[in-house]
Amino acid sequence: RAYVQSALSMKILVIALNYAPEPIGCAKYTSQLCVELAKKYSHDVRVYSAAPYYPDWKTYQEYRAFRAKNVYLNNVLVTRMRIYVPKRPNAFNRLIHLLSFSVRLLFQVPNMLLFKPNVVVVILPTLVSVPIAKLICFLSKARLHIHVQDLEFGVINSISNTQRKLFTLRALTKTIFSTLERSLIKMADSLSTISNTMQRQIRNILDEPNRRIPIVRNWYDNPTIDKTDYFSKLRAGRKIALYSGALGRKQGLDIILQAARELQTNKHCHDWLFIIAGDGAAKEMLVRKCKQFALKNVIFCDLFPDEHYLSAFSSADIHIVPQLSGVSDFVLPSKLSTLWGLGCKTIVAASATSEISSIHREFPGICDVYEPEDLTSLLGAIDAAPDKHFDKEVCISYARNFLDKDKNIRNLHSEINYLNEK
């Protein structure tokens, strides 16, 4: 049996910007995928990733003295490379940030060639590293698979739309990025992504409406939950509205403070306490605005510890998941997998054409939606939340049917295995 497993095992090289111990975002799913490929499917997995910096956009202290450092995480060898990390991310320095990852990756090409991979897997957002991955494939006679978590050029374009100083360059940069994006994605031998909307987006970019792009959704673990009220000492008779995650520009978190300000001055509204948990480039600005508005109904805290975050999520009365207009069209927040798996009440920013709105229409009661960056729409959703019909069983059933961890990892493994056998 051991002989059969070794005969079928592959050498899989994974290139990913983010990886454990980063607690949220793409890192969580990439790390779990690599561990499962190594342990469950007996593959030899090697990862090249940036030194951890997310979500607070600061390189972790223990990696600051190294240009590159090899570490073993759950039997997976990970090479961490120190890259440029902007203190205040914007459209321009985010692009430099991504390019610096590719530059560091170039110095690792000899080591990657010595590994002799059968398949190279690139997890986007690291699109600018695709040419290096393709070079490794060419020299190693390997195949290239791209798994799209996020289209960084699309997000950069959306963020730049909010910055007036880039207004005159917007059309030009969008054209350049679109052309570059299409050229780089076309280098892949196979593709996968996390949602139907992202699948359509990629097909549009490639101008290939029938291109085979399997959907591998960000999954939910379904662990045991402590049902005690995590926020019992903070409530004081108030309802808890929680946001937990990265505090960045594309999240559009300013609208939560605007909602808190309106509700604080309106005695006829429900008594809400807004908790914003996490870190990121926008946190300093958000805290400053909170003090400026003299908000007594907003609390900032760090991300919840691993042993408590499920209890905290389950204890909140509602979860608010804001996004900027434009970003919501093609980004499906990964936190929704956990929230729906727990059966939490969620209010999500979503345009009518987004993936979230499609799910909302197909599975009534799974969440409530509001128009991105529309304060009136958000306030209406918050006000209606206590009496609004949220169906916990619909949430949990959706998570079990579409967000099962084993099923989604098995689907991606099948795609990689099929590519290797071509």
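Trainee: Why is Tyr84 called partly exposed?
Mentor: Its relative accessibility is 38%. Buried means under 20% relative accessible area, exposed over 50%, partly exposed in between (1.4 Å probe, protein chains only). So Tyr84, at 38%, counts as partly exposed. This is a predicted model: local features need pLDDT of at least 70, side-chain atom pairs count only at pLDDT 80 or more, and totals for chains, interfaces and linings use all residues. Residues are numbered from 1 along each chain as its sequence is written, and side-chain values use heavy atoms, with hydrogens and water left out.

Trainee: Where is Tyr84 placed?
Mentor: Tyr84 is in the loop between strand 4 (76-81) and helix 3 (91-106). Helices (H or I, at least four residues) and strands (E, at least two) are DSSP runs, numbered from the N terminus.

Trainee: How do you know that Ile356 is buried or exposed?
Mentor: Set its value against the cut-off. Ile356 has a relative accessible area of 1%, so it is buried. Ile356 belongs to helix 14 (residues 355-362).

Trainee: What makes Glu208 and Arg211 a salt bridge?
Mentor: The rule asks for a side-chain nitrogen of Lys or Arg within 4 Å of a carboxyl oxygen of Asp or Glu. For Glu208 and Arg211 the N to O distance is 3.6 Å, and their side chains meet in a salt bridge. Glu208 has 25% relative accessibility, so it counts as partly exposed. Arg211 has 17%, so it counts as buried. By this rule there are 12 salt bridges.

Trainee: Which parts of the chain does the pair of Lys283 and Asp302 tie together?
Mentor: First the distance: their side chains meet at 3.8 Å, N to O, in a salt bridge. Lys283 lies in helix 11 and Asp302 in the loop between strand 10 and helix 12, so the pair ties together parts that are 19 residues apart in sequence. Lys283 is buried, because its relative accessible area is 17%. Asp302 is at 53%, so Asp302 counts as exposed.

Trainee: Why is the pair of Phe231 and Phe304 called edge-to-face?
Mentor: Two checks. Rings of Phe, Tyr and Trp (its six-membered ring) pair if their centres lie within 6.5 Å; planes under 30 degrees apart count as stacked, over 60 as edge-to-face and the rest as tilted. The ring centres of Phe231 and Phe304 are 6.0 Å apart and their planes are at 65 degrees, so the pair is edge-to-face. Both Phe231 and Phe304 are buried.

Trainee: What makes the pair of Tyr53 and Trp57 tilted?
Mentor: The angle. Their planes are at 55 degrees, with 5.3 Å centre to centre, and the pair is tilted. Tyr53 and Trp57 are both buried.

Trainee: How do you know that Arg261 sits over the ring of Phe293?
Mentor: NZ of Lys or CZ of Arg must be within 6 Å of the ring centre and within 35 degrees of the ring normal. The charged end of Arg261 is 4.1 Å from the centre of the Phe293 ring, and sits over it.
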